[in-house]
Amino acid sequence: MPLLNEVRAFLDRDHGLVIDGASQASTGGRLDVLDPATEKVITTVAAASAVDVEDAVAAARRAFESGVWSGLAPTERATILWRAADLIEARREFFMQLETVDNGMPRMVAEGGLAVVIDVLRYMAGLVTKIEGMTLTPSRRTPTTTATSLLREPLGVVGLITPWNAPLLITVEKVAPALACGNTVVLKPAEWTPLSALALADVFAEAGLPAGVFNVVAGDGVTAGRALVRSRGVNKIGFTGSTAVGKEIARECATDLKRVSLELGGKSPNLIFADADLDAAIPAAAAAVFRNQGQSCTAAARLYVERATYQQVVDGIVAAAGRLTVGPGLEPGVDFGPLVSAEHRDRVSGYVERAVGDGAALLTGGTRPDREGFFFAPTVFAEVTSQHQIQREEVFGPVMTVTPFDDEGEVLSWANDSEFGLASSLWTSDISRANRVSRALQAGVVWVNCFGVFDAAVPLGGYKQSGWGRENGQAVIETYSQLKAVTTVYG
């Protein structure tokens, strides 16, 4: 499918940093942006230095302290966020194509992500007018009349660091609630996929967001990311990415007690019981790993199947992998694209090679197709145990392990035997079992007889080493605001 003229024009632009409402040249050089399906450079963007990051933080601080955003009436902030949603909806094809050439995701994945992006902006626009405090009755008697009001206020300048696997979606899931609460933002998108963040800045400007409220500093994690985390002008860091990097960010934020929320890695279990609707469970289990080439923190990479139906499910998964149409995301009918980069493809390939060397049974895939682009075949392993590295660590690629189980207690112990606890899924026609198992699974999200059902109103976040805090829903307000208690004595 040919690129829209609007997309071509965007790629041809001289992309600077977005600071205080204007494009600004960087002091940190340029970053090449590659199309993962062709391995070719499609544009370059400015790479922020530590000095550039501080300029952006200063702009965000000025905007916050001026009240140009936090001082607006809630209905005015809501109108701007809603208008941004309308603008993205009107340009769906533009954003869909931009996400595809930037990340490599198939068109169907980009389209699904855009639908959630629009929903999140509209949900947060509605939430702006519902951020409320309360009045308390003091618990102790006093000789005079007192009243205490709890006020919910913005934090100030929020630094956001977003990943490359769903660039626009995850960016909006962070930016929209941060803005809804009245904060100003400095965003550092992933260095491999910075384009949708820059396009989002255009949308916010057109929607009427005041200058300095939303700033974008593309760059790498070592320079730009670290500078943002260490900046004393930032009140809070929101990060989505690997657990290892999340721990490093938490340590940095501890030096000045900067607030931090972390949406980190996962190794999600998917449990299929023998009484499940296999016609629904098998394709969903395959999609839970192969959608977006497994580049998802919620990907259900560990599949557990009750032994009575184990072979039927395995055969169905292998067949589903074989039916995937591999190719560039914009080609008609493609449902399996490339990985995001050569570096990441090598990482996934290394996990597969080690699993084979450790004795895991490779049922399908495990190879690099002989074609241009960062492709890696959908891969399924059997005969793995909790001792296999591929069963314990997040691969973040199209790699699934399938393990039979004999009873509920056994599979729950295996499912929960992980340092992660982001998402999980189970399939059964027994409602009692569904309730019992969903409560026993140690994960922030449990899907019953479905997988990957995301909604702007439903909180997303993990247990254990899958992170701190929640995205989406009303719970996210606590992530981007703070409480102030005001006690007044009368007479």
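Colleague: Let me start with one residue. In which helix is the place of Gly126?

Modeller: Gly126 sits in helix α5. Keep in mind that this is a predicted model.

Colleague: Let me step back to the whole chain. How many helices and strands does the secondary structure come to?

Modeller: There are 16 helices and 22 strands. The radius of gyration is 23 Å, close to the 23 Å that the globule rule gives for 491 residues, so the chain is as compact as a globular protein of that length.

Colleague: What does the C-alpha trace span along its principal axes?

Modeller: About 75 × 65 × 40 Å.

Colleague: How do I read burial and contacts for the whole chain?

Modeller: Take burial as a share of residues. Of the 491 residues, 56% count as buried. Then look at how far apart in sequence the contacting residues are. Among contacts with a separation of 6 or more, 73% join residues 24 or more positions apart.

Colleague: And the surface and the charges?

Modeller: The accessible surface comes to about 19,500 Å². Carbon and sulfur atoms account for 52% of that area. On charge, count 43 positive and 56 negative side chains. The centres of these two sets lie 7 Å apart.

Colleague: Which residues does Phe204 touch?

Modeller: Skip residues up to four places away in sequence. Phe204 then touches Leu81, Ala84, Leu121, Val175, Leu179, Leu209 and Phe214.

Colleague: I see a proline in a helix. In which helix does Pro177 lie?

Modeller: Pro177 lies in helix α6, residues 167-180. Its relative accessible area is 0%, so Pro177 is buried. Beyond neighbours within four places in sequence, Pro177 is in contact with Met124, Val172, Val476 and Tyr480. Pro177 and Ala361 are 184 residues apart in sequence and 45 Å apart in space, C-alpha to C-alpha.

Colleague: Turn to the loops. Where is the place of Leu460?

Modeller: Leu460 is in the loop between β19 (445-448) and β20 (463-464). Leu460 has 7% relative accessibility, so it counts as buried.

Colleague: With which residues is Leu460 in contact, leaving aside its neighbours within four places in sequence?

Modeller: With Val445, Phe454, Gly469, Arg470 and Glu471. Asp407 is 53 residues from Leu460 in sequence, and their C-alpha atoms are 29 Å apart.

Colleague: What about Ala475: which loop is its place in?

Modeller: The loop between β21 (467-468) and α16 (476-479). At 32% relative accessibility, Ala475 counts as partly exposed. Outside four places in sequence, Ala475 touches Pro459 and Arg470.

Colleague: Last topic, backbone angles. What is the phi of Glu39?

Modeller: About 65°, a positive value, although Glu39 is not a glycine. Its place is the loop between β3 (30-35) and β4 (40-46). At 36% relative accessibility, Glu39 counts as partly exposed.

Colleague: And what is the phi of Asn449?

Modeller: Asn449 is not a glycine, yet its phi is positive, about 55°. Asn449 lies in the loop between β19 and β20. With a relative accessible area of 38%, Asn449 is partly exposed.

Technical notes. Residues are numbered from 1 along each chain as its sequence is written. This is a predicted model: local features need pLDDT of at least 70, side-chain atom pairs count only at pLDDT 80 or more; totals for chains, interfaces and linings use all residues. Side-chain values use heavy atoms; hydrogens and water are left out. Helices (H or I, at least four residues) and strands (E, at least two) are DSSP runs, numbered from the N terminus. The radius of gyration is taken over C-alpha atoms; the globule rule is 2.2 Å times the number of residues to the power 0.38. Buried means under 20% relative accessible area, exposed over 50%, partly exposed in between (1.4 Å probe, protein chains only). Contact means heavy atoms within 4.5 Å. Accessible areas come from the Shrake-Rupley method with a 1.4 Å probe; for residues, only the protein chains shown count as cover. Lys and Arg count as positive and Asp and Glu as negative; His and the chain ends are not counted. The place of a charge is taken as NZ of Lys, CZ of Arg, CG of Asp or CD of Glu.
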